[in-house]
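Hi,

Here is the structure I promised to pass on. Have a look at it first, and my notes follow below.

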Amino acid sequence: MFIKPIVKPNILFQYEALLPRLRESYPNKPAILSDYKRILAGYYGEKSLQYYLSRSPSANYQKFHSIRLSINGNYFQMDFLLIAPEKIFILEVKNIAGTLKIQPSLQQVEWTNTQGITKILPDFVIQAESQKTQLNEWLNKHCPSNKPIETLVIIANQSCQLVIPKEEQGHPSLDSIIRSPYLPAKLDSLSKTNTNVKPHQNPKLQQQILTQDCPQTLNILKNYDLSDSDLISGFRCTCCSEGFFVRWNRKWKCYSCEVVKKTSEIVHPLLMDFRHLHGPLITNYQFRRFASVTSSSQAYKTLRSLNLPTIGTKKSTTYNLEMLAKL
Ligand SMILES: [Zn+2]
């Protein structure tokens, strides 16, 4: 049972609002695109575990996707947290293409990507064990439990080649690194679950995890030191994700894919982009700048038509986009 299901993280929507608006001339665009691709691959890797996690014995575990908790002011993030009748599992998912040379004695993983470029990554098992230490501390503070915690590193990319150098073979930490299809069998062997055991309920722990989970938020413009001049304003086309709309016969036409839309159809995606980049509050002035609209009365008419909650009056009226995000 997924208590917190696998959903696309907000940060990906932020990148997807940003990248099509970034000017081609912006020098850091390839680096931002590369960050986006890395986070997207991580999400796809986690999503690919859905199938294996819905199979016995973990079908009855309380499952949480992407949990971020804090202990003593420090945050720690777990890709999956599974609460089984006898144990708690932390899953650290790696969706990496290329070759991974696992070197636990050196506390490192040597990654050679598909272009042949080699990078040194921190040891995956140590990373998961650090989450375990922090989760133990968190449990002692918020919801003491005598269940042991197990950590597993899941290699989600099936075409990734794993290399274990001869001198590393037999290292105990290698037992914690598995490929996704082996996950159900591994959980079975670790949990020694009796199939007759009823789904384990621990409402207090479940509630504590959900209320204390604090997903990471990012001010993406500040993070990359971007200003309005780095971004293209206007109504972006979500059909082709490349073009922007121009006025055409009292409607709007994408100059790239030529799809035609009414104003009411292109306002919502624009405001969602604004929300992902600037936050949930928008003024008439901000709307005009972001949408490339010159008429204040036209902007007023458009924003009023959405019946959004407002703060302030006249020129200082601020519209709250949160409600729009739930539609
Ligand atoms: Zn288009």
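To begin with, α9 and α10 are roughly perpendicular to each other (a label for angles of 65 to 115 degrees). Helix α9 (residues 284-291) and helix α10 (residues 296-304) have axes that cross at roughly 105° and come within 9 Å. Their contact involves N284, F287 and R288 of α9 with S296, A299, Y300 and L303 of α10 (contact means C-beta atoms, placed from the backbone, within 7 Å).

Some background: this is a predicted model, where local features need pLDDT of at least 70, side-chain atom pairs count only at pLDDT 80 or more, and totals for chains, interfaces and linings use all residues. Residues are numbered from 1 along each chain as its sequence is written. Helices (H or I, at least four residues) and strands (E, at least two) are DSSP runs, numbered from the N terminus. Axes are lines fitted to C-alpha atoms, for helices over the stretch in contact, and angles between N-to-C directions run from 0 to 180 degrees.

There is also an open sheet of six strands with mixed pairing, in the order β1-β2-β3-β4-β8-β10 (strands pair if DSSP finds at least two bridges between them). β1 (2-4) and β10 (177-179) each have a single partner strand, so one side of each lacks a neighbour in the sheet. From one strand to the next, the twist averages 40°. Within the sheet, β3 (residues 74-83) and β4 (residues 88-94) run antiparallel and are joined by four bridges, with I83 opposite I88 in β4. Helix α4 (residues 124-142) lies across β2, β3, β4, β8 and β10, at about 145° to β8.

Best wishes

Conventions: Angles under 35 degrees count as roughly parallel, over 145 as roughly antiparallel, 65 to 115 as roughly perpendicular and the rest as oblique. Two residues are in contact if their C-beta atoms, placed from the backbone, lie within 7 Å.
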